[in-house]
Amino acid sequence: MQKKSKSKTSKKSQNDTIAINSSEESSFEQNSFSIVGIGASAGGLGAFESFFSSMSSYTKPNMAFVLVQHLAPDHKSILTEIIQRYTNMHVFEVEDGMKVEVNCTYIIPPNKDMALINGKLQLLEPITPRAQRLPIDYFFRSLAQDQADKSIGIVLSGTGSDGTQGIRAIKAAAGMVIAQKLSSCEYEGMPESAINTGLVDYELSPSDMPQKLMEYTKYVNNITSKDIYIQQLNGENELRKVFILLRDQTSHDFSQYKPSTINRRIERRMALNQIENLSLYVKYLQQTPREVDDLFHELLIGVTSFFRDKDAFVELKRALPKIFKNKKPGDTIRVWSVGCSSGEEAYSLAILLYEYMHEENLNFAVQLFATDIDPNAIDTARAGIYPKDIALDISKERLSHFFKYDSDIEKYRIHKTIRDMLIFSEQNIIKDPPFSKLDLIVCRNLLIYMNSDIQRKIIPTFHYALNDEGVLFLGSSETIGEFGNLFVAIDHKSKLFQRKNNTQGTYPMATHSTGVTQPLPRQVTQKISIPIKVPLRELTEQTLLQEIAPSAILVDERGDILYLYGNAGTYLELPSGETGINNILKMTHNSLQRSLIIALHKATETKETVRSIDVKVKTNDHFRMLNISVVPVSKDNISVSKATLYLVIFQESDIADDDKNASMSELQETSSTNSYIKRLTQELHDQEEFLKTSNEKLNISNEELRSSNEEIQSMNEELQSSNEELETSKEELQSVNEELSTVNAELQMKVVALSRSNNDMNNLLAGTGIGTIFVDHDLNLLRFTPAATKIINLISSDIGRPINHIVSNILGYNNLQEDLQEVLENLIPKEIEVKTVDGKYYIMCIQPYRTLENVIEGAVVTFTEISETVQMREDLSELNTRLLAMTSIIRDSNDAIIMQDLDGNILSWNPQAQKMYGWSETEALKMNVEQMVLSEDKKDEIQKIYSLSKSETIKPYRTKRVAKDGAIVDVLITSTALINEDKDIYAIVTTQRKTDSRVTELKELKKC
């Protein structure tokens, strides 16, 4: 730790510092350097000291540093003085509106939130409770928005998770993120939370960070021509090689993503690895599989948050009645969140649906499928655990109702009621089949990263996946494009669309890994995984389930398979032909079907558990005895009587296959007649149940066949309609042949088209209101618009006459012919301001007349009226003269003249005011007049301002004011209200004259 021999004072103004360094830093333009945001909490002081001690070896790092430390709001910070001891850079405690300069360090003051906009630091009063403030996240987000790819975020020692959401924003903007190595932290909470996101580029000790920063920024700043670099990315085969390496390792093809996104992300990875050539980066990818994974995750980074774009979610809630209106009791609401990332948007949808059903007193099951291609994001979403800074995006009511705060990990956990509504799975929307029979699809801010060809495939896929009148919810920058025939807009601004019926009955085709093109199937199977961190009790239960639990299949009331557990596939057989929906009644062994049909039918009717004992089944040439149970599955707080899912459990009998067969033989030989009759009676009863079930299913099948027959009839009508359309097309072709055979008719159509175009041109020229004159090379008049007749005396018979033969109404200008000739010779347009006899002003523009073949065939003269502009210019000149006179009066006045807004903020301060009270104009403009008023007089002053704001007149009055040095000044104040064009008072001007306090006292005594 080294102390500087010369300590710079932290109170030195930034302007003085800039003046000192102006010669050294003049080469750096605005935004030519990176701004590094550094966040720290408990244990951060030691990290700061280590960081800046190492940074001191670089005299001009060409960076600016902004420190955001969790500070006590009621104590003065000395962090500025401490940091100044370890760096050669100038250190400032931030003042509101301070501009960030290169090679300087800025420190947040206590009890303030800080943001960066247009390179300037702005201070804001915190509005959240002290324990819930997240100043690091707040600043990092603004840093990412303002500096984009030049933003750098560093998370140092501290407790909690402040900074985690901020680094997401920085990464989304293609910035760089560093976290302190956990082994060097006094408190690991903040760095560990940042590292767990998987977004941190480097984990370093504070002393190692400066070197990495210098290497990174040197590379970034050395790229002098990004246009050339982008052309290199787009034009060379090296980029295709990058796509191949990504596809080979991750099975995902990024070649159809938009180039701008791909180029920016690859450029950032090259900067992090200090590689300047794309071909070298391809070799690096081949040699380093880990970098391929890092690039893959880099391409997937997106900005997400709970209820992002709150106005759009409000509109979505208004559209929910369209989803629920045709639902019947027992129906399921099916929703698909595409590109769900880490789950915030998917959980937001679930909360919105839950709230709506609660408000409308509805009771429906909800299946919300949330998919993404990033397995890490899916794991995060499944866990349902989020940092406490989500409180910035979620209302207090929702936070308390749908989340539970876990004090052990200092994070929020999603409530089980909401979690059970969602199923998370990995899916690639480009190549994987979609879900089907959906009521709502949410795909926000995903399509913008894909090219138009992919978008044209995805939108029809959404149409196919939605139920009739289903709703599609896109991002603010996305649209359905050319597929207006598939969707109707509910709200254009919020990008809410409703599905139309597909009159053509066709859907997009998907090519899968087999290379066979086939219609996209409807699919409802998902993968459900166990969270990474499992409590000991849950771990024990899971192990027992793996060792003891029987095979089971989760189905709906129709028998459609939703989930397989254990070795359930042993009892299933794939049917021949098209698979369609996987149904357990069609896929089980023949020996099981009768018992399973009866059991499932009973369970759906009674909503109770049904068991079938000792069912004989043949597997692998062996017979075994099974016990089959069909158990209604209760979902959440919904009662069993309303359950729509059933768990079919297969459990082998205690007796082994061969022993069971032997035992059955012995039993048949030794059993009594009564037991034998009882068994036959039971089998007969089961047979009757099977026949009853079969009859019911037959009736259902007949109904379905009747419905299918109606659909076929409808299709037949459609085919007849298509036939009629073909007949019409035939007639149209015959008509075309006739037109082609008649040349005169074709020429006549061209004449008509040319005539229409000529009429359109005439109407366009007349409708613009701009006087226009066309002349040829010889300056003969070719055409003019009606507006031109107000400036030059033209009539229709003047066409063909030389322009100099025609009298104009322009005052003091007789060079039109010479100026036209000059423009035709040098081909440089010319503008002249002219005035007509009626007092109107025009801009006369003369330019060459060019054909589509770029041939000069004359000149065009246009007259654009600017009378109002000239009048405004004259009015402004007069006003400026008056303002200059008024400014001189105010400046030379012997009275203090002060202007303030209605809140008391000082807007103007003349030299006499500075002389009377001691504050300079710069200081005063940051003050409020309350600072000059005695505490006992504040109430009266507020009342006077209120009276003035109500247009009441206030007589001059005597009062006291406090000067900068604390002295009390007796003044006579005359107040005047300033009124704008709308007759509203917007400011108050006070003339303050210093008076003798003894005279004032005598006058007060006389009044008494």
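Reader: What should I know before I start?

Author: Welcome! This is a predicted model, where local features need pLDDT of at least 70 and side-chain atom pairs count only at pLDDT 80 or more, while totals for chains, interfaces and linings use all residues. Residues are numbered from 1 along each chain as its sequence is written, and side-chain values use heavy atoms, leaving out hydrogens and water.

Reader: What average pLDDT does the chain have?

Author: pLDDT is the predictor's confidence in each residue, from 0 to 100. Here the chain averages 78, and 81% of the residues score at least 70.

Reader: Where does pLDDT stay under 50?

Author: Where pLDDT is low, the predicted coordinates should not be read in detail. One such stretch is residues 224–228, with 2 contacts (heavy atoms within 4.5 Å) beyond four places in sequence. Another is residues 738–743, with 0 contacts of that kind.

Reader: What is the strand order in the open sheet of 7 strands?

Author: Strands of a sheet pair through backbone hydrogen bonds, either parallel or antiparallel. Two strands count as paired if DSSP finds at least two bridges between them. In this sheet the order is β3-β5-β2-β1-β8-β9-β10, with parallel pairing. Its edge strands, β3 (90–93) and β10 (202–204), each pair on one side only. β1 (residues 34–40) joins β2 (residues 63–69) over 7 bridges, with Gly-37 partnered by Val-66. β1 also pairs with β8 over 5 bridges.

Reader: Are the residues of β8 buried or exposed?

Author: In a regular strand the side chains alternate between the two faces of the sheet. Buried means under 20% relative accessible area, exposed over 50%, partly exposed in between (1.4 Å probe, protein chains only). In β8, 5 of its 5 residues are buried. Ser-151, Gly-153 and Val-155 point one way, and Ile-152 and Ile-154 the other way.

Reader: Which sheet has antiparallel pairing?

Author: An open sheet of 3 strands, in the order β13-β15-β14, is antiparallel. β14 and β15 (residues 411–414) are joined by 4 bridges, and Asp-406 stands opposite Lys-411.

Notes. Helix = DSSP H or I, 4+ residues; strand = E, 2+ residues; numbered from the N terminus.
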